[in-house]
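Please look through the structure below before reading on.

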Amino acid sequence: MEEEIITDSPTVKGNLWLRRLWAALPFMTLILLLGIIFVLQSWIKSEGNIIKERKAKELSEEKPPVNVVALELIPRPIREQINLPGVVRPWVELSVVAEVRGKIVAKKIVEGQKVRTGDIIAVIDKRSYQNAFNSAKAAFHAAKASYERTSALNRDRLATQSQLDDTLANMENAKANMDTAALNLERCTILSPMDGIVDKVYIEKGQFMNDADPVVHILKIDRVKVDVSIPESDVDAVRNINDFTVTIDALNNKVFTGRRYYLSKSAQTLARTYLLEVTIDNPHGEILPDMFTRVTIVKREVEDGLAVPLFSLTNINGSKAVFVADQGVARLTPLKIGIQEGWKVQAAEGLKPGAKVIVVGHKDVKDGAPVQVLRIISDPKELMQ
């Protein structure tokens with residue numbers, strides 16, 4: 001007997017619905033997630049619109065003026081110049097040496113002493129040279145007398161021309177020996193060859209000297225030279241300049257005016273520099289050889305130039321510009337740059353005298369932004385005061 005399956009019982013129907021509900025659960029979860037995402041997107045969009053409206057409102061509100069300091073442009077000289085190191089050299093320096101052998105019997109100078117041309121520096125023992133001169137002088141007189149007698153005999157045809165020529169040669173030879181002896185005797189007294197200052201003394205009384213031994217070193221420094229190495233790129237500008245400013249640190253940065261003396265025609269080193277010699281009058285002798293100097297060379301000068309500080313410049317697409325305060329508004333003004341001097345640069349084009357260039361606060365403004373000028377200066381140095 002077959003068993004009858006009962007499907008209409010409450011238990012069987014409950015299990016069937018439970019299975020259907022469980023099968024539909026993933027789909028219902030997906031629908032719920034999509035709903036949540038839709039709600040979140042709507043909320044985010046609403047919040048974004050609120051933020052945009054808030055920013056637009058803030059931008060529409062008028063910003064307070066930026067406090068700035070402005071530089072009023074006044075025409076002044078502006079120079080393109082270079083500053084190069086230099087070394088002081090004496091105008092003339094000479095090393096005096098002994099020209100004859102002998103013992104020093106007199107020393108007439110000391111280091112630092114001023115001497116003039118012809119002043120006695122030292123004396124070498126003359127006795128042997130005096131004897132040599134006396135002997136040569138006697139030989140010359142004898143040769144001269146012999147020549148005069150032979151010459152008289154020749155006129156009377158009692159001496160041949162050959163004999164006369166021999167006596168003449170003997171006399172001239174004796175004269176040359178006498179002159180040499182006289183010169184050596186003269187060289188025993190060592191004289192100063194020029195005006196100057198005795199820088200070094202190499203002798204002492206009683207010292208024996210040989211030929212060419214050093215005696216003294218003399219400097220002429222009533223005017224001096226300053227040697228400056230000029231870069232190849234600046235030679236063309238320097239050759240047209242005659243006056244230079246020379247500063248000497250060792251003399252408390254004292255400034256002197258120098259004049260061009262000579263510019264070499266060939267490069268001095270592999271660095272392609274040319275030697276410039278600048279002369280300075282030194283009547284009191286305060287400038288000493290080998291002092292270091294700084295030589296200022298003005299290459300170009302604009303008498304009535306307008307200059308702005310380098311720190312006030314702004315770059316715009318590779319060009320230079322500044323902000324100018326104009327009736328309470330910052331105006332971005334392009335410039336054509338000229339020569340530079342230190343911290344300032346010439347505004348060759350773009351600005352006029354009286355323009356007020358913003359030098360403090362220019363980093364915080366934009367073109368057309370309102371500004372309040374707290375202070376107007378005529379020299380950037382006033383910013384430090």
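A salt bridge is a side-chain nitrogen of Lys or Arg within 4 Å of a carboxyl oxygen of Asp or Glu. Side chains of opposite charge can pair when their charged atoms come close. This is a predicted model, in which local features need pLDDT of at least 70 and side-chain atom pairs count only at pLDDT 80 or more, while totals for chains, interfaces and linings use all residues. Residues are numbered from 1 along each chain as its sequence is written, and side-chain values use heavy atoms, with hydrogens and water left out.

The structure holds 16 salt bridges. In one of them, Arg294 pairs with Asp249, and the closest N and O atoms are 2.9 Å apart. Arg294 lies in strand S13 (residues 292–305) and Asp249 in the loop between strand S10 (243–248) and strand S11 (254–263), so the bridge ties together parts that are 45 residues apart in sequence. Helices (H or I, at least four residues) and strands (E, at least two) are DSSP runs, numbered from the N terminus.

Are these two residues buried, exposed or partly exposed? Buried means under 20% relative accessible area, exposed over 50%, and partly exposed in between (1.4 Å probe, protein chains only). Arg294 has a relative accessible area of 32%, so Arg294 is partly exposed; Asp249, at 44%, is partly exposed too.

Another salt bridge joins the side chains of Arg187 and Glu99, at 3.5 Å from N to O. Here Arg187 belongs to helix H3 and Glu99 to the loop between S2 and strand S3 (102–107), 88 residues apart. Arg187 counts as partly exposed because its relative accessibility is 28%.

Now turn to the interior. Val88 sits in strand S2 (residues 76–97). Val88 counts as buried because its relative accessibility is 1%. Which residue lies 137 residues from Val88 in sequence and 5.7 Å away in space, C-alpha to C-alpha? That residue is Lys225. Leaving aside neighbours within four places in sequence, Val88 is in contact (heavy atoms within 4.5 Å) with residues including Val224, Lys225, Val226 and Ile287.

A nonpolar core is a set of buried Ala, Val, Leu, Ile, Met, Phe, Trp, Tyr and Cys residues joined through side-chain atoms within 4.5 Å. The largest has 29 residues, and Ile121, Val215 and Val216 have the most contacts inside it. Among the elements that give two or more residues to this core are helix H2 (127–155), helix H3 (161–187) and strand S9 (214–231). A second, separate core of 26 residues includes Val224, Ile241, Val246 and Ile280.
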